[in-house]
Amino acid sequence: MASKISNPTVGRFVLPQQRELYLQMREDEKLVPMPVLEQDELESMQYLIRDSAREDYAVTVTWWQPTKGDLGKICSMWGVVKWIDQNGRRIKLANDEDWRWIPIDAIVSVRT
């Protein structure tokens, strides 16, 4: 249950536009800039991506998705790397339910 401190729209009449604006402001507070990675982190991620594609084992890939200018949100998905598109600089990650093309330059973490 929401409290009046965390959500000032609780317990009073609010126009739909005001509520929508408030919710949008709350979402904007969650946005973060693109994380900066060290060279050794990049090399480790590249190794895990290649190894997942070659050995057919699942990894969890976390990437930054731009939303507003220099701010974006962090997304995550687990799966097996099915394809590495060198020209398009992206990987195809697939699991039992879904698949997705993820830009290589947006990847911030790869875990086994």
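Visitor: Why is A106 called buried?

Guide: A106 has a relative accessible area of 10%. Buried means under 20% relative accessible area, exposed over 50%, and partly exposed in between, with a 1.4 Å probe and protein chains only. A106 is therefore buried.

Visitor: What kind of model is this?

Guide: This is a predicted model, in which local features need pLDDT of at least 70, side-chain atom pairs count only at pLDDT 80 or more, and totals for chains, interfaces and linings use all residues. Residues are numbered from 1 along each chain as its sequence is written, and side-chain values use heavy atoms, with hydrogens and water left out.

Visitor: How do you know how confident the predictor is in the protein chain?

Guide: The guide is pLDDT, the predictor's confidence in each residue, from 0 to 100. The protein chain averages 88, and 90% of the residues score at least 70. Helix α1 (residues 16-29) has the lowest confidence, with a mean of 79, while strand β4 (residues 90-94) has the highest, at 97. Where pLDDT is low, the predicted coordinates should not be read in detail.

Visitor: What makes up the protein chain, in helices and strands?

Guide: Two helices and six strands. These are DSSP runs numbered from the N terminus (helices: H or I, at least four residues; strands: E, at least two). Their order from the N terminus is α-β-α-β-β-β-β-β.

Visitor: Where is A106, and which residues is A106 in contact with?

Guide: A106 sits in the loop between β5 (99-103) and β6 (107-111). Apart from neighbours within four places in sequence, A106 is in contact with M34, W63 and W64; contact means heavy atoms within 4.5 Å. E27 is 79 residues from A106 in sequence and 20 Å from A106 in space, C-alpha to C-alpha.

Visitor: V59 lies in strand β2. What makes V59 count as buried?

Guide: V59 has 2% relative accessibility, which is under the limit for buried, so V59 is buried. With residues within four places in sequence left aside, the contacts of V59 include L48, S52, M77, W78 and V110.

Visitor: Why is D56 called partly exposed?

Guide: D56 has 49% relative accessibility, which falls between the limits for buried and exposed, so D56 is partly exposed. D56 is placed in the loop between α2 (39-55) and β2 (59-68). D56 has a positive phi of about 60°, although D56 is not a glycine.

Visitor: How do you know how the protein chain compares with a compact globule?

Guide: The radius of gyration is taken over C-alpha atoms, and the globule rule is 2.2 Å times the number of residues to the power 0.38. For 112 residues a compact globule would be near 13 Å, but the protein chain has 19 Å. The C-alpha trace spans about 60 × 30 × 25 Å along its principal axes.

Visitor: How many of the 112 residues are buried, as a percentage?

Guide: Buried residues make up 29% of the protein chain.
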